[in-house]
Amino acid sequence: MRTCCCQLKITTVKDFKFLQRWISEAVVVSLTCSSLYLLYVPRAIAQADGRAAPERVSSVSRIEDPYTLGAGDRIRVDVFQLPQYSGELDVLVGGVVNLPVIGAVSVDSMTLEQATRAIASRYSQILRQPTVSLSLLSRRSLQIGVSGEVNHPGSYTISSSDTEFPTLTQVLEEAGGIRLSADLSQIEIRRQGLNGASAITVNLLTLLRVGGLSEDITLRDGDTIVVPAADRPDLQNLAELPTLSFAGDDNQEINIAVVGEVFRPGSHTVTGSAQTGEAGETGQTQGAGRLPTVTRAIQVAGGIKPLADVRNIQILRNTREGIDQTIQVNLWQLLQTGDLRQDLALQEGDTIIVPTAEEDNMEESAQLASASFSPDSIRVNIVGEIDKPGVVEIPPNSSLTQGLLSAGGFNNRASRGTVDLIRLNPNGTVLARSIPVDFEQGINQELNPALQNGDVIIVRRSAIASVSDALETVASPIGRFFSLITAPFSIIRLFD
């Protein structure tokens, strides 16, 4: 209960009437000379106005309800100097106990003190001023409901020991742990107590940040835990949730979707140890042991494309309430400052959207090409007058000249002045352009562009090679004609 201190100086009869109005809730009264000082609880103002105190209370200020009996409890009843009326009993279905002589007595939802009075009242009908004592030998299992942002919501039967009740975090762990969409600051425990239903609001972030064990309250039979979804997910909280003891199991595969500027958009199964492969190939997902993250999912989806906008990646996350959360991460900040909060842990059903960048920045493209969530290599098809024609695998963001050198360079028939670059654009159009070749030229979009996966480079013949091929084409039929004419003479010479 939150209190505050104020000073009330009593000097007139009117002041004393005011004091009588508030004295019922006074907790400290101090008299000095002619003045009276009062420490009071401000909630009295609301009660004085006729308004009821709120039913929702915080777990820190709440005094725990005493244990109430129910079916499954085992108790011992002792009637002083009457052992024939004493003994150990089970609380039966319906919350009754069968006592010697007087029969069934209901103790359902009663505290030990209330049950003692009820049993003594029944025995007073046949005994004169009976002295009854009641003790609890063993408690029943607790039935607790869990709903909201947990991995396995439902009803759970929790065995309680003789010395302690299960706590909130223990039951959350029993329910498969919290989901990453949970709001730990607003967990609600609905309880049917002696004074009716109440809702206890628990802030487990206090437990996370400062070790506030008072928030990890003990539960009672019939409690319902409601874990809400966060309205505005915070990256700091989201980064800390997977580290909690009552978080979900990280040793499992999850199904997510990746769309946008990746080489393999679609649905993927991801683990925490996923790795990229070649562009256009699904990354490896062997092993587990930690929750998969955004970069791991992008790796499995083949890595980012050159035009990916890694500053504005979005994660769409479903909640049990049916409302999608939208979380934005900046992987460029991860690369520049090492902010691991941007590499957000994922949960089952997440969708990652990688948008297209509005501008093509060559310097940034070079840095992104070396990132862990870029593909290990891209494939380029180089054909024509090249030493090793065919498909070559080169690092992402390799230039045109690097691609030519990877294929062994020009052969002696090649036209060394220009080559043709053919590229299929994302919108379905085809780009075809002739590019002058200068091996001393650095990466340049016009003179030495960065290659993309699936590009085709055509190395044409030189003029001399073209003339030579044309002459050979003309001479070949004439040679075959003379071969036919001289063939009979060659046969005759065989018999000479």
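Guide: One cut-off before we start: buried means under 20% relative accessible area. Also keep in mind that this is a predicted model.

Visitor: Okay, threonine 295 then. Buried or exposed?
Guide: Threonine 295 has a relative accessible area of 6%, so it counts as buried. It sits in helix α7, residues 294-300.

Visitor: What does threonine 295 touch?
Guide: Leaving out residues up to four places away in sequence, threonine 295 touches Leu331, Leu334, Asp343 and Phe373. Its side chain also has a polar contact of 3.3 Å with the side chain of threonine 293.

Visitor: How many bridges join β5 to β9?
Guide: Six, with β5 covering residues 74-79. In one of the pairs, arginine 76 has serine 135 in β9 as its bridge partner.

Visitor: What span should α3 have, and what do its ends say?
Guide: With twelve residues at 1.5 Å a residue, α3 should span 16 Å, and its end C-alpha atoms are 16 Å apart, so the two agree.

Visitor: Which α3 residues are buried?
Guide: Ala115, Thr116, Ala118, Ile119, Ala120 and Tyr123. The cover over those buried residues includes β5 and β9, along with β7 (96-99) and β8 (103-106).

Visitor: Last stop, aspartate 420. Where is it?
Guide: Aspartate 420 is in strand β22, residues 418-424. Its relative accessible area is 10%, so it is buried too.

Visitor: Which side chains does the aspartate 420 side chain make polar contacts with?
Guide: One is the side chain of serine 434, at 2.8 Å. Another is the side chain of arginine 460, at 2.5 Å.

Visitor: And how far is aspartate 420 from arginine 433?
Guide: They're 13 residues apart in sequence and 5.7 Å apart in space, C-alpha to C-alpha. Arg433 is also among the residues that aspartate 420 touches, a list that includes Val456, Ile457 and Ile458.

Terms used:
Residues are numbered from 1 along each chain as its sequence is written. This is a predicted model: local features need pLDDT of at least 70, side-chain atom pairs count only at pLDDT 80 or more; totals for chains, interfaces and linings use all residues. Side-chain values use heavy atoms; hydrogens and water are left out. Two strands pair if DSSP finds at least two bridges between them. Helices (H or I, at least four residues) and strands (E, at least two) are DSSP runs, numbered from the N terminus. Buried means under 20% relative accessible area, exposed over 50%, partly exposed in between (1.4 Å probe, protein chains only). Contact means heavy atoms within 4.5 Å. A polar contact is a pair of N or O atoms within 3.5 Å; within protein, one must be able to donate a hydrogen and the other to accept it, and residues adjacent in sequence count only if both atoms are side-chain atoms. The expected span of a helix is 1.5 Å times one less than its number of residues.
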